[in-house]
Amino acid sequence: MTKRFGPVAALDKVDIALYPGEIHAVLGENGAGKSTLVGILSGNLTPDDGDLSLGERKLSFRSARDARKFGVDIVQQHFMLVPAFTVAENLALFALGDSSRVVEHAREIADRLGWNLDLRARAADLSVGALQRVEIVKALMSDGRILLLDEPTATLTPNETEDLFRVMRRLREEGKAIVLITHKLQEALSVGDRVTVLRRGKVVVSMPAQGVSPGQLAVWMVGDTPPELNKPLRSAGSTVVNVAGLSIFGERGETVVDNVSFSLSAGEIVGFGGVSGNGQVELAEALAGVRGSIADDVAYIPEDRQRDGLALPMSISDNLLASARNRKEVSFVGVLVPFKVRSWCERVVAKFGIKTDSIDAPASSLSGGNQQKVVVARALDSEPEIIVAVNPTRGLDIVAENYVHSQLLEAKRRGAAIALFSTDLEELALLADRTFIMSGGRLLQGDNAAELMGGLE
């Protein structure tokens, strides 16, 4: 399979075979070609060269609907649900054939998988884990033979991830061929029967997962293992942000953040963990000024890069400039200077390893991981006093993840106060000087937080 975008070969003569009753993990760094491969398999992209066949039958997908008719279902990295609709209404939108059986069919699938699915709930009111379950049920309603999962664990807690793996193993036992697109090495080896590694559009290796180590996978993916992080000792300075008795109300007047108090000091990273949907995003938005101003000079890495972090039709350079228009590197007495803008943008792109042919390309042309790098680069390059980061390494490969972690630690070293919201407990353990767990809009610390964190593991 070959697919080009201009002069760039996103896929270069890639061969891949899927088998019934097998979980096939496909790994690669950001821009390696994973998303392009999924696009072709799901009917959203047409290859420039190569053949796609099901058994002995040659296939030609003209659309995602064609792929579904041939038994290929996909759970996208970004959920494809209408927030204002109920679960049942969302499922009916994508039903193939008789939509009158949607509720009954969805309940049958959910029961088979051991899930309690609230079909009357609005999508906007569901946690990330619940949304993921809806997407999987939606995909399975066409009773296809092949299931594509694109970075499904990016924002799931360890418990939610293990539940997803349980379901994947169940579907494998039912004879489905499952493709897991991921950048998480340990996850690929724990659930995958076979691994295929892509690098720069080519297959580096495709083999059984048994006996493969995470270190070997890392070398295949990026050519080397990233260096270990040097976490500076905690040396918190003066208090930069003090939050006392903060409550935040949702769209229907419900309390989503309940009377929380904490402080952020210069030179420390404060972690906020817990299951998604317990007030983390609302608290992060309050700290970042989205819900009124708590502090000045705040850099914000939002949870959803496509909805809140980027203007996708605009160029990479315009997206980077969104928070840098008054910086001396790009302007003179408040007026943007084109050659300065270009020089600065190219430096930032190179510094953060954003893979693109041109800074003039739209942000929508980037892979998900590279889109995340644009958001992170814009926030961290300005060396702000306060950083609010929500799942900042979501969708990033091991090299990019390591780089973002090192940049956050460097920001801490120079005295920034950092609020790190993450569903990844390992990330919090690695970076945070102290950690709160959010549950029901409240902050837990000490014994209660430790007990809850143990439950999340």
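Mentor: Before we start, a helix here is a DSSP run of H or I with at least four residues, and helices are numbered from the N terminus. Keep in mind, too, that this is a predicted model.

Trainee: Thanks! Then in which helix is Ser317 found?
Mentor: Look for the run that covers residues 316-321. Ser317 lies within that run, which is helix 11.

Trainee: Is Ser317 buried or exposed?
Mentor: Buried means under 20% relative accessible area. Ser317 has a relative accessible area of 9%, so Ser317 is buried.

Trainee: Which residues does Ser317 touch, not counting residues up to four places away in sequence?
Mentor: Setting those sequence neighbours aside leaves the contacts made with other parts of the chain. For Ser317 they are Cys345, Ile359 and Asp360.

Trainee: Let's move to helix 6. What does helix 6 reach from its first C-alpha to its last?
Mentor: Helix 6 covers residues 158-173, which is 16 residues. At 1.5 Å a residue, 22 Å is expected. The model comes close to that, with a reach of 23 Å.

Trainee: Why do the buried residues of helix 6 lie on the same side?
Mentor: Those residues are Glu160, Thr161, Leu164, Phe165, Val167, Met168 and Leu171. They are on the same side of helix 6 because the arc they cover around the axis is only 160°.

Trainee: What covers the buried residues of helix 6?
Mentor: Both strands and helices contribute to the cover. The strands include strand 3 (22-28), strand 7 (146-150) and strand 8 (177-182). The helices include helix 4 (102-113), helix 5 (128-140) and helix 7 (185-191).

Trainee: Which residue just after helix 6 takes a positive phi?
Mentor: Look just past the end of helix 6 for a phi of about 100°. The residue with that positive phi is Gly175.

Trainee: How are Asp163 and Arg166 separated in helix 6?
Mentor: Their side chains meet in a salt bridge, at 2.8 Å from N to O. Asp163 is partly exposed at 21% relative accessibility, and Arg166 is partly exposed at 34%. Being three residues apart in helix 6, they are separated by about one helical turn.

Trainee: How many residues apart are Asp258 and Arg442?
Mentor: The side chains of Asp258 and Arg442 meet in a salt bridge of 3.2 Å, N to O. This pair links distant parts of the chain, with Asp258 in strand 12 (residues 255-265) and Arg442 in strand 20 (residues 442-444), and the separation is 184 residues.

Trainee: Is Asp381 buried or exposed?
Mentor: Asp381 forms a salt bridge with Arg347, the closest N and O atoms being 3.1 Å apart. Arg347 is partly exposed at 38% relative accessibility. Asp381, with a relative accessible area of 7%, is buried.

Trainee: Which residues do salt bridges that share partners join into one network?
Mentor: Start from the pair of Arg347 and Asp381. Shared partners extend the network, which joins Arg327, Glu329, Arg347, Lys351 and Asp381.

Trainee: One last stop, on the surface. What accessible area does the nonpolar patch with Met80 have together?
Mentor: Met80 sits in the loop between strand 6 (72-75) and helix 3 (87-93), and counts as partly exposed at 46% relative accessibility. Val82, Phe85, Leu93 and Phe94 form the patch with Met80, and together they have an accessible area of about 410 Å².

Notes. Residues numbered from 1 in each chain as written. Predicted model: local features only at pLDDT ≥ 70, side-chain atom pairs only at ≥ 80, totals over all residues. Heavy atoms only, no water. Patch = residues over 30% accessible without salt bridge, like charges linked within 9 Å, V, L, I, M, F, W, Y side chains within 5 Å. Areas by Shrake-Rupley, 256 points an atom, 1.4 Å probe, with all protein chains shown as cover. Salt bridge = Lys/Arg side-chain N within 4 Å of Asp/Glu carboxyl O. Helix = DSSP H or I, 4+ residues; strand = E, 2+ residues; numbered from the N terminus. Buried < 20%, exposed > 50% of the residue type's maximum accessible area, 1.4 Å probe, protein only. Expected span 1.5 Å × (residues − 1). Arc of directions from axis to C-beta. Contact = heavy atoms within 4.5 Å.
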